[in-house]
Amino acid sequence: MKMDAAATGDLRLRLVAAFVLIACLSQLHRLPVAVAALAVVVLAVAWSRPPAKLWRRLLHVEGFLLLLFATLPFTLPGHPLFSLGPLTASVEGVARAALIAAKVSASVLVLVGLLGAVEPAGLGGALRGLYVPETLVRLFVLTARYLGLISDEGRRLLEAMRVRGFRPGSNRHSWRSYGHLVGMLLVRALARAQRVEEAMLCRGYEGRFPRLALPPPTRRDWAGVTAVLAFGLALTLADRL
């Protein structure tokens with residue numbers, strides 16, 4: 001299973017393969033199988049040599065997963081492993097946290113390897129090719145497209161506040177300033193949305209995106225998705241043994 005080979009194939013099949021493989025990963029119950037799946041996915045993604053920014057996405061996810069290891073071992077009953085004051089960590093809790101972390105990390109890497117370099121418009125076209133409802137596709141594409149623009153607008157407003165001497169703190173002035181920031185961001189987002197809608201109407205938009213004619217999948221595309229699906233089936237069988 002080589003991620004870069006799959007990444008050059010039919011996007012519709014890559015979406016199906018990613019969905020099925022993540023579904024298989026989510027149903028794993030044995031830690032050794034989950035760790036083996038994570039190792040295989042890491043090697044496949046590393047072989048494809050993705051951009052560094054794609055690896056940084058995984059680091060953000062791992063930051064949240066650290067919360068599992070900070071809470072789950074102390075809340076799940078079982079054989080004691082170690083104690084921190086009145087709190088006792090269980091072996092079962094650590095194993096459950098490791099299982100969840102392995103499955104989540106592998107799932108994120110599957111998305112990175114198969115869909116990480118795809119533009120939102122391309123994903124929208126593939127979703128329409130899979131007969132996903134037009135409303136959902138339009139909502140996804142526009143949200144993905146303008147989320148970055150709104151984030152940039154928020155950074156510019158925050159920089160303007162800092163230039164004017166704003167220093168954040170835990171006081172009424174800071175919270176009121178953040179409230180004004182959120183309100184101004186919503187106002188600017190609404191104004192930008194209205195301008196975008198007017199521009200789309202001027203270009204003949206009638207409430208539906210044009211449905212692109214996608215070429216049929218090649219034999220290489222089918223071979224790639226078959227390899228991914230076989231890997232997911234092998235994981236499921238190994239987990240049930």
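**Cavity, pocket and packing**

Analyst: Let me start with the largest cavity, which has a volume of about 40 Å³. Keep in mind that this is a predicted model.

User: How many cavities of 30 Å³ or more does a search of the whole structure find?
Analyst: The search turns up one.

User: Which residues line the largest cavity?
Analyst: The lining is made by Leu 149, Ile 150, Glu 153, Leu 185, Arg 188, Ala 189 and Arg 192. Two elements give two or more residues each to that lining, helix H7 (134-163) and helix H8 (172-202).

User: Which element has the largest share of that lining?
Analyst: H8 does, with four residues.

User: And what's the split by class in the cavity lining?
Analyst: There are four nonpolar and three charged residues, and no polar ones.

User: Which elements give two or more residues to the pocket lining?
Analyst: Those are helix H4 (52-75), helix H5 (91-115), helix H6 (120-129) and H7. By class, the pocket lining has 14 nonpolar, three polar and four charged residues.

User: Switching to helix packing: at what angle do H2 and H5 pack?
Analyst: Helix H2 (residues 11-26) and H5 pack at about 175°, and their axes are 10 Å apart. An angle over 145 degrees counts as roughly antiparallel, so H2 and H5 are roughly antiparallel to each other.

User: Nice. Which residues meet there?
Analyst: From H2, the contact includes Leu 11, Leu 15, Leu 21 and Ile 22. On the H5 side, Lys 103, Val 110, Leu 111 and Leu 115 are among them. The residues of this contact divide into twelve nonpolar, two polar and two charged.

User: Last topic, aromatics. How many aromatic pairs does a search of the whole structure find?
Analyst: It finds two. In one of them, Phe 166 and Tyr 178 sit edge-to-face, at 5.6 Å centre to centre and with 85° between the planes.

User: Which parts does the pair of Phe 166 and Tyr 178 tie together?
Analyst: Phe 166 lies in the loop between H7 and H8, while Tyr 178 is in helix H8, so the pair ties together parts twelve residues apart in sequence.

Methods
Residues are numbered from 1 along each chain as its sequence is written. This is a predicted model: local features need pLDDT of at least 70, side-chain atom pairs count only at pLDDT 80 or more; totals for chains, interfaces and linings use all residues. Side-chain values use heavy atoms; hydrogens and water are left out. On a 1 Å grid over the protein atoms alone, a cavity is a set of points where a 1.4 Å probe fits but cannot get out, and a pocket is an open set with protein on both sides within 12 Å along at least five of seven lines; lining residues have an atom within 4 Å of a point. Grid points are joined across faces, edges and corners, and a volume is the space filled by probe spheres set on the points. Ala, Val, Leu, Ile, Met, Phe, Trp, Tyr, Cys and Pro count as nonpolar, Asp, Glu, Lys and Arg as charged, and the others, Gly among them, as polar. Axes are lines fitted to C-alpha atoms, for helices over the stretch in contact, and angles run from 0 to 180 degrees between N-to-C directions. Angles under 35 degrees count as roughly parallel, over 145 as roughly antiparallel, 65 to 115 as roughly perpendicular and the rest as oblique. Contact means heavy atoms within 4.5 Å. Rings of Phe, Tyr and Trp (its six-membered ring) pair if their centres lie within 6.5 Å; planes under 30 degrees apart count as stacked, over 60 as edge-to-face and the rest as tilted.
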